[in-house]
Amino acid sequence: MAYRVTSIIVVILLAAGLSTASYGQAKAPPVPTLEILEPAGEKELSGEVEVLVKVTVPKGASALTVMYVGLGGSDWIEMKPADNADQWKAKIDTRLVPNGVEELRVVTDNRKTRALRKVGIANPLQVYFADLHSHTSYSDGALTPKVAQQYARQTAKLDTFCLTDHLESVDDVEWLDTREQAEDANQDGQFVSFPGLEWTKRWGHMNIFDPKTRLWPSDPAKFYQALADAGVVAKFNHPGDGTESHGGLAYSEVGDRAVQLMEVRHPTEEKAYLRALKLGWHLAPDGSDDTHSPNWGSTRAWTGVLAPGLSQRNILDALAKRHCYSTLDRNCRLHFEVNGATMGDIVAQPAKRVDAHVTVEDADPDDKIAKIEIFEDGQVVGADEPNASRREWQTTFSPGAGDHYYFAKVTQSDGNHLWSAPIWVKIEKEP
């Protein structure tokens with residue numbers, strides 16, 4: 001009997017011109033559609049960009065009342081109706097996301113109405129000054145994370161700050177507060193803060209930036225693997241001359257994927273840096289203070305971070321790419337390129353020669369640049385003595401075939417130093 005009733009219903013549906021698939025369910029109402037008019041997909045974007053979206057509302061569909069636009073997870077910007085009744089507009093700042101291909105996303109109050117477009121981002125790299133190693137009373141320092149964040153921004157006037165209390169001393173409540181204070185202090189475009197921890201063993205000390213947990217393996221090999229699996233940025237802290245700390249900097253393929261930075265602030269740590277590079281590590285120099293006093297970011301060393309704009313995402317991306325340098329001068333800006341690549345890059349495309357380009361600029365006219373040295377595979381192969389507060393220098397090298405790395409070291413007339421991250425290149429054989 002049930003079979004006969006169902007058959008009759010199917011016949012009725014077909015006679016009415018309805019699909020049997022729609023039997024038992026209401027027809028879905030129409031929804032608005034979006035078309036991104038600007039920016040065009042083939043256009044390379046920089047600076048502030050206007051986004052223009054056309055909305056088509058079919059008969060029977062509900063009009064949209066809210067619309068937001070963002071670039072790959074950056075801050076969402078609320079769009080407003082344009083002069084044309086069917087268009088919405090907003091301005092977005094492309095400098096707050098890394099250069100490269102990003103996804104422009106438009107979302108609305110109708111979950112089925114959205115638009116996506118791949119766009120290219122290209123902004124010049126700026127220098128932002130950071131302190132990426134410091135402590136509070138949560139381990140062996142002074143005062144609290146809230147006070148430290150306020151001091152770093154208002155007194156030290158840093159661009160970027162990261163507290164890294166010893167993880168062995170921090171409990172769950174303190175770790176939650178550390179993360180919350182960093183997030184509360186962070187304000188993209190003005191001041192970037194993110195949480196960190198210092199892994200502290202007799203084998204060596206290491207910083208972890210923006211970790212999602214305070215629980216990490218004690219064994220160095222397992223620690224390297226955990227860092228690599230988590231995809232965080234990590235740093236060798238106060239390595240001495242590199243012969244004893246961190247297992248003598250013995251090369252680890254997993255560790256090389258996991259660790260991007262090393263503290264380099266004086267001649268002894270420069271020896272460790274040279275040792276690590278010779279052993280095969282791909283590391284950038286960092287100039288953080290490791291302060292345990294209430295003077296966060298205002299003592300003797302800083303890290304210059306090269307990024308297209310001041311945002312948490314940009315700074316973490318730049319550190320992951322080793323786009324940074326160590327400096328003992330608070331406002332000296334250093335750019336180092338090889339064949340158009342930025343300090344920290346590993347260039348896969350073989351080249352026939354090395355075109356090095358160094359730009360050093362200090363805002364203080366009395367801070368003269370005494371010497372610029374370029375290192376090739378750990379040895380000085382070029383030097384310039386400008387005796388000026390600004391110098392742009394280009395020079396060319398013709399190394400033998402194979403893999404090489406280059407970095408710049410700057411000496412100021414007052415004895416302060418800057419060390420750039422290396423650039424790794426491959427020189428092809430002559431035909």
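## Strand pairing and helix packing in the predicted model

The bridge partner of Thr303 in strand E20 is Ser326. The model in which this pair occurs is a predicted one. The pair belongs to the contact between strand E19 and strand E20 (residues 324–327), which run antiparallel and are joined by 4 bridges. Strand E10 (residues 126–131) also pairs with E19 in the antiparallel sense, here over 5 bridges. Within that pairing, Tyr128 has Val305 of E19 as its bridge partner.

The protein as a whole contains 8 helices and 29 strands. Its C-alpha atoms fill a box of roughly 90 × 55 × 45 Å along the principal axes. Of the 431 residues, 49% are buried. Among contacts with a separation of 6 or more, 66% are between residues 24 or more positions apart. The protein exposes about 20,300 Å², of which carbon and sulfur atoms supply 49%.

Further strand pairings were examined in two other parts of the chain. Strands of a sheet pair through backbone hydrogen bonds, in either the parallel or the antiparallel sense. Both senses involve strand E9 (residues 114–121). Strand E2 (residues 44–45) pairs with E9 in the parallel sense over 2 bridges, and Leu45 stands opposite Ile121 in E9. Strand E8 (residues 100–108), by contrast, runs antiparallel to E9 and is joined to it by 8 bridges. In this pairing Glu102 stands opposite Val119 of E9. The link from E8 to E9 is a hairpin of 5 residues.

An open sheet of 4 strands is arranged in the order E22-E21-E23-E26, with antiparallel pairing. Strand E22 (341–342) and strand E26 (390–397) stand at the edges with a single partner strand each, so one side of each has no neighbour in the sheet. Strand E21 (residues 332–338) and strand E23 (residues 354–362) pair in the antiparallel sense over 7 bridges. Cys332 stands opposite Asp362 of E23.

Helix H3 (residues 172–185) comprises 14 residues and reaches 20 Å from its first C-alpha to its last, close to the 20 Å expected at 1.5 Å a residue. Its buried residues are Glu174, Trp175, Asp177, Thr178, Gln181, Ala182 and Ala185. Viewed down the axis of H3, these buried residues fall within an arc of 160°, so they line one face of the helix. Asp172, Val173 and Asp184 are exposed on the other side of H3. The buried residues of H3 pack against helix H2 (145–155), strand E13 (192–193) and strand E14. At the start of H3, a side-chain oxygen of Asp171 comes to within 3.2 Å of the backbone nitrogen of Val173.

Helix H4 (residues 220–230) has Pro220, Phe223, Tyr224, Ala226 and Leu227 as its buried residues. Seen down the axis of H4, they fall within an arc of 165°, so they line one face of the helix. Ala221, Lys222 and Asp229 are exposed on the other side of H4. The elements covering the buried residues of H4 include strand E14 (196–201), strand E15 (204–209), strand E16 (233–236) and helix H6 (253–258). At the start of H4, a side-chain oxygen of Asp219 reaches to within 3.2 Å of the backbone nitrogen of Ala221. H4 is followed by Gly231, which has a positive phi, near 70°.

A single side chain, that of His404, was followed in more detail. His404 lies in strand E27 (residues 402–412). Its relative accessible area is 11%, and the residue is therefore buried, the cut-off being under 20%. The side chains of His404 and Asp377 are joined by a polar contact of 2.8 Å. Apart from neighbours within four places in sequence, His404 is in contact with Asp377, Pro399, Ile423, Trp424, Val425 and Ile427.

Notes:
Residues numbered from 1 in each chain as written. Predicted model: local features only at pLDDT ≥ 70, side-chain atom pairs only at ≥ 80, totals over all residues. Heavy atoms only, no water. Pairing = 2+ DSSP bridges. Buried < 20%, exposed > 50% of the residue type's maximum accessible area, 1.4 Å probe, protein only. Polar contact = N/O pair within 3.5 Å; in protein donor to acceptor, adjacent residues only side chain to side chain. Contact = heavy atoms within 4.5 Å. Arc of directions from axis to C-beta. Areas by Shrake-Rupley, 256 points an atom, 1.4 Å probe, with all protein chains shown as cover. Expected span 1.5 Å × (residues − 1).
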